[in-house]
Structure formats: structure tokens, C-alpha cells
Amino acid sequence: MSQHFSHKFKATSLAARGGIARFMRWLRATGLPPAAAEDVEIAFAEAVNNVIEHAYGGCRGRKIAIRARLSQTELEVRLVDSGLPLPGGHVPRRLRLDLDRPRDALPEGGFGWTMIHQLTGHVRYERRSGRNVLTLRFPLTGAAG
């Protein structure tokens, strides 16, 4: 049997903190192991911040919807917004980072998406009816559900 969560919040930094906290309270209450919850929180918060910063570009009055489904084997988190589409219509690729070089030789940006790719099992992006739909899937073992 799966468990579900749904919530909407304004696309501001302050409201996002509250939305992320509310989601994480629900997730922890399901009995998800703390290490798995931490990975989800990092990837989820990065995705939410990307929506606020890039999709909405700081525009006021916009909202972000979260829908999540937790089963015995997987957590699926879906973020929906009506902001600008992702450039090129797809999620940026995971960067192969060589951090053993001078700081000024490191690429600009892309670290957030690389982190999201590393912490999830699957990332999917769609543009539907003027909305962005980002789905993050986290494979689980031993999760409550």
C-alpha cells in the first residue's frame, strides 16, 4: 500500500523553507530511514530552489505544487510549476566533475543538477500545458509504506 502527500506553496525562499519542512515532516513520519530522508531533502530542496530562481526568476505570486507517493520500493516526488521551461526542454546532464584542479578551472553552474542526478534513481522532465513537471524517483529498500 502506498502513502501520498500533496502540498502547494508560494515560490519564495521563505515559503519554500516551510514547504520543504512540511514535506520532510511527512516523509520522516512514514518511517523512511534517516539517511534516505537526508538524500531526498537535499535533492528536493535543490529542485525547489531551481524553480524559484530559474523557472520563476523571482516573480512574485507564483506557486509550486508537490505531489509525492511512497511505496515499499520507491519514493516518487513530482514538482509542478508554471514558470519558464528548462532550456532545451530537458534536464541538464550530469556533469563528470574532476574536483582535483584549481577552483578557477571548475565549470560555472551545473553542480545542483549533478547532485540531483547522484541522489536520485531517475529524473524526468516534461512540459505539459504550459507547466513544468519534474519527477524525481528515489529507489528504496526497507522503507515503510
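In the protein chain, 62% of the contacts with a separation of 6 or more are between residues 24 or more positions apart; contact means heavy atoms within 4.5 Å. The model is predicted, with local features needing pLDDT of at least 70, side-chain atom pairs counting only at pLDDT 80 or more, and totals for chains, interfaces and linings using all residues. Residues are numbered from 1 along each chain as its sequence is written, and side-chain values use heavy atoms, leaving out hydrogens and water.

The protein chain has three helices and five strands, in the order β-α-α-β-β-α-β-β from the N terminus. Helices (H or I, at least four residues) and strands (E, at least two) are DSSP runs, numbered from the N terminus. Of its 145 residues, 37% count as buried, that is, under 20% relative accessible area with a 1.4 Å probe, protein chains only.

Helix α2 covers residues 34–55 and spans 30 Å from its first C-alpha to its last, close to the 32 Å expected at 1.5 Å a residue; the expected span is 1.5 Å times one less than the number of residues. Its buried residues, among them Phe44, Val48 and Ile52, pack against elements including β1 (3–10), α1 (13–29) and β5 (131–139). Glycine 57, with a positive phi near 55°, follows α2.

Two strands pair if DSSP finds at least two bridges between them.

| Strands | Bridges | Direction |
|---|---|---|
| β1 and β2 | eight bridges | antiparallel |
| β2 and β3 | six bridges | antiparallel |

Histidine 4 has arginine 69 in β2 as its bridge partner, and isoleucine 66 stands opposite leucine 79 in β3. Three residues lie between β2 and β3, which form a hairpin.

Notes
Buried means under 20% relative accessible area, exposed over 50%, partly exposed in between (1.4 Å probe, protein chains only).
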